[in-house]
Structure formats: structure tokens, C-alpha cells
Amino acid sequence: MTHHDDHVHNSAGASPDVLNDSGLDAAALIDFYRQMVLIRRFEEKCQEMYTKARIGGFLHLYIGEEATAVGAISALRPEDHIFTHYRDHGHAIARGLDINALMAELFGKVTGCSKGLGGSMHFADASKHFWGGYAIVGSHLPLAVGVALGMKMQRKDSVVMVFFGDGATNGGEFYESLNFAQLWKLPVIFVCENNLYAMGTPLEVHSSVTEIYRKACAFDMKAERVDGNDVLVMREAALRAVEHARSGKGPVLLEAMTYRFRGHSAQDTQKYRTKEDIERHRRNDPITRFRDLLVHEGIATGQQLRDIDLMIDDQVEAAVRFAEDSPEPGHEWITQAGVYAAPIAVDPPIHGE
């Protein structure tokens with residue numbers, strides 16, 4: 001059954017209670033902070049490198065949404081699977097992909113996580129069951145359901161978590177995927193990152209139902225709206241959803257309420273929203289909220305967190321140097337990079353010879 005308003009968490013004061021009940025030690029909580037700051041600094045550096053033309057193509061930044069990825073992915077096991085959309089940097093970092101390889105991918109270098117062939121929208125790492133960012137809106141939802149079907153048929157204990165934006169919930173792939181997953185009781189956690197805009201179109205303009213979690217009621221699916229800017233609330237909701245899916249009870253739709261501080265892409269002029277609106281949401285910055293909570297609750301000192309900030313600054317600068325120093329892909333990628341299922345003959349015979 002769909003869970004309605006009694007399961008909606010939007011309170012800015014929810015974290016202290018969840019903090020006490022989380023069962024996490026200080027090291028784990030501080031590591032959540034580290035992950036979120038690492039995503040933020042990585043993305044800020046990406047914007048800088050894009051401006052300097054060191055990164056080309058499309059660039060969709062995750063700034064402002066860090067708590068959603070870190071909180072949700074922390075609920076997963078290493079053997080679980082992740083699919084995501086083209087705003088995929090934050091999920092990759094939260095899953096533990098090497099930021100050197102991620103930066104090199106953005107620079108189009110052979111040391112990148114996809115050998116420099118995918119770029120910003122196509123991060124992937126099979127060793128971490130991170131199946132990548134997908135550029136076509138909603139296209140990855142059926143793929144995630146397919147992997148979940150495979151897990152069920154093989155009687156494996158793994159779940160699949162798939163991230164997508166509010167705009168994707170208007171496409172047919174969304175409804176087909178939810179229907180099939182619920183029909184077969186597949187272990188999928190659908191995470192809608194509702195940042196209130198589909199490209200430059202406000203939520204209330206592109207969706208007749210603005211509470212995305214209510215769309216799950218069409219399939220009698222468990223659903224919940226949560227504060228995606230609170231990393232601990234997000235984690236708790238993800239843990240509930242993962243337990244439900246892993247126990248064989250079927251899929252869950254989580255609607256994570258969040259906001260992107262930058263444009264849809266690095267080239268977005270953002271004429272569809274005001275600076276005042278952005279600044280209003282910045283007052284709910286997930287990193288600032290969590291930093292204040294850690295200090296207020298005595299989990300960490302301000303100096304400890306500043307030291308982490310400085311360490312991450314160095315780490316991100318080192319990733320840029322790694323990317324700069326890495327070689328460009330050569331022609332061998334055509335035959336040796338695994339792009340094609342079978343080797344290609346360099347000099348194929350002419351028909352009739």
C-alpha cells in the first residue's frame with residue numbers, strides 16, 4: 001500500500017532524533033560529512049575545469065543534492081546494484097568510485113572509469129555494481145528492473161537502487177517499470193530526486209501530480225516522501241525501503257525532496273527561476289545543516305571538519321593533476337576496450353577474395 005502524509009518527513013529538526021536512533025558511531029557520521037563535501041568540492045572543480053575548457057560536452061552538477069546520494073547509497077551492501085541518470089557524479093562518489101578515475105573520465109583520458117569514452121553522463125564501474133549514468137531520460141529504469149528480475153530468478157539476495165529526476169516520472173518508462181516491478185515483486189528501490197525542475201520546467205508545470213510518491217498508488221506500491229536534504233533521514237528511509245525489497249515484499253518508491261543550486265547543466269542561464277529563490281533554498285544547504293548538527297551534538301569539532309575540508313581540497317586538486325597527466329585514448333580502444341563484443345579484424349577481407 002502507498003504510505004501517505006503520516007510517513008512524510010520534511011521537518012528541518014528531524015536529524016537530532018534520527019541521530020540518536022541511527023546506531024552509527026562518530027566515525028561513520030563524520031564520514032557522511034566527508035562524502036558530501038567531497039561531492040561538493042569535486043563538482044565545484046568540475047565547473048572550474050569546464051569554464052577553462054578542460055572538460056567538454058555536457059556537464060550536469062549535483063551541487064545541493066549531496067545528502068540524497070550519500071544517505072540512500074549508505075543503506076546498500078557492496079553486492080547491491082545502482083543505476084542512475086546523467087547527473088551521476090554524486091552517486092559515483094558515494095558508491096566509492098575513485099575520484100582520480102572520475103576526473104580522468106571527464107577529461108577524456110584513458111585512465112577514466114569508462115576509458116575516457118563516456119564522459120560526464122556515463123560513469124560506470126562494474127566492480128562496484130555501479131552500472132552508470134544514462135543520458136536518455138528514464139531509459140535506465142527498465143534496465144534496473146531487468147537486473148532486479150535477474151537477481152530474483154537467480155535467487156540472489158541483492159537489491160537494485162535506481163535514481164531519476166522528477167521529470168522522468170512523466171514518461172512511459174517510469175510507469176512500465178513500476179508496474180512490472182510490483183507485478184513481479186522485484187527488489188527495486190526507485191529513488192526520485194525531486195529537485196523541483198525538469199531542465200527549466202517547474203514541477204507544477206510538467207506534472208499534474210506534484211507529490212511524486214503518490215504516483216505509486218496506481219500500482220499499489222509502497223511509497224514515501226522524505227527530506228532529501230537531511231542525510232540521516234534519507235538513510236533511514238532507504239534502510240526501510242531496502243529491507244522491504246530485500247525481504248521479497250516488492251519494490252518501493254522514495255521521493256527525495258531536494259534542490260540543485262546550479263543550473264540544469266553548466267550552460268544553463270537559469271532564467272526560469274530567481275536568485276532569491278535559489279538563495280532561499282541555499283539556507284537549507286544539506287552540508288551546512290549536517291555540519292551544524294555534528295558540532296552541536298558534540299560528534300565533531302569545527303576544527304575537525306575544517307581539516308576534512310582542507311584534506312578534500314588537496315584530494316580534488318590531485319585528481320585534476322592525475323587527469324592532466326593521463327594519456328589520451330589511442331586507436332586501440334576500437335578493438336581492445338571492450339566496446340564491441342567480438343574483436344574487429346584490422347584488415348577485413350574484401351568480398352570475393
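Me: In what order do the six strands of the open sheet lie?

Reply: Happy to walk you through it. This is a predicted model, in which local features need pLDDT of at least 70, side-chain atom pairs count only at pLDDT 80 or more, and totals for chains, interfaces and linings use all residues. Residues are numbered from 1 along each chain as its sequence is written, and side-chain values use heavy atoms, leaving out hydrogens and water. Strands (E, at least two residues) and helices (H or I, at least four) are DSSP runs numbered from the N terminus, and two strands pair if DSSP finds at least two bridges between them. Here the order is β2-β1-β3-β4-β8-β7, with parallel pairing. The edge strands, β2 (130-134) and β7 (222-227), each pair on one side only.

Me: How many bridges link β1 and β2?

Reply: Strand β1 (residues 81-85) pairs with β2 over three bridges, in the parallel sense. For one example, find Thr84: its bridge partner in β2 is Gly133.

Me: Is helix α5 mostly buried or exposed?

Reply: Start with the cut-offs: buried means under 20% relative accessible area, exposed over 50%, and partly exposed in between, using a 1.4 Å probe and protein chains only. Seven of the eight residues of α5 (residues 99-106) are buried, so this helix is largely enclosed by the rest of the structure. Among them are Ile99, Leu102 and Glu105. Contact means heavy atoms within 4.5 Å, and the buried residues of α5 pack against α2 (26-51), α4 (89-94) and α12 (302-325).

Me: Which residue caps the N-terminal end of α5?

Reply: That is Asp98, with a side-chain oxygen 3.1 Å from the backbone nitrogen of Asn100. Just after α5, Gly108 takes a positive phi of about 70°.

Me: Where does Asp285 lie, and which residue's side chain does its own side chain join in a polar contact?

Reply: A polar contact is a pair of N or O atoms within 3.5 Å; within protein, one must be able to donate a hydrogen and the other to accept it, and residues adjacent in sequence count only if both atoms are side-chain atoms. Asp285 sits in the loop between α10 (275-282) and α11 (286-296). The side chains of Asp285 and Arg40 are joined by a polar contact of 3.1 Å. Asp285 is buried, with a relative accessible area of 8%. Leaving aside neighbours within four places in sequence, Asp285 is in contact with Arg40 and Phe261.
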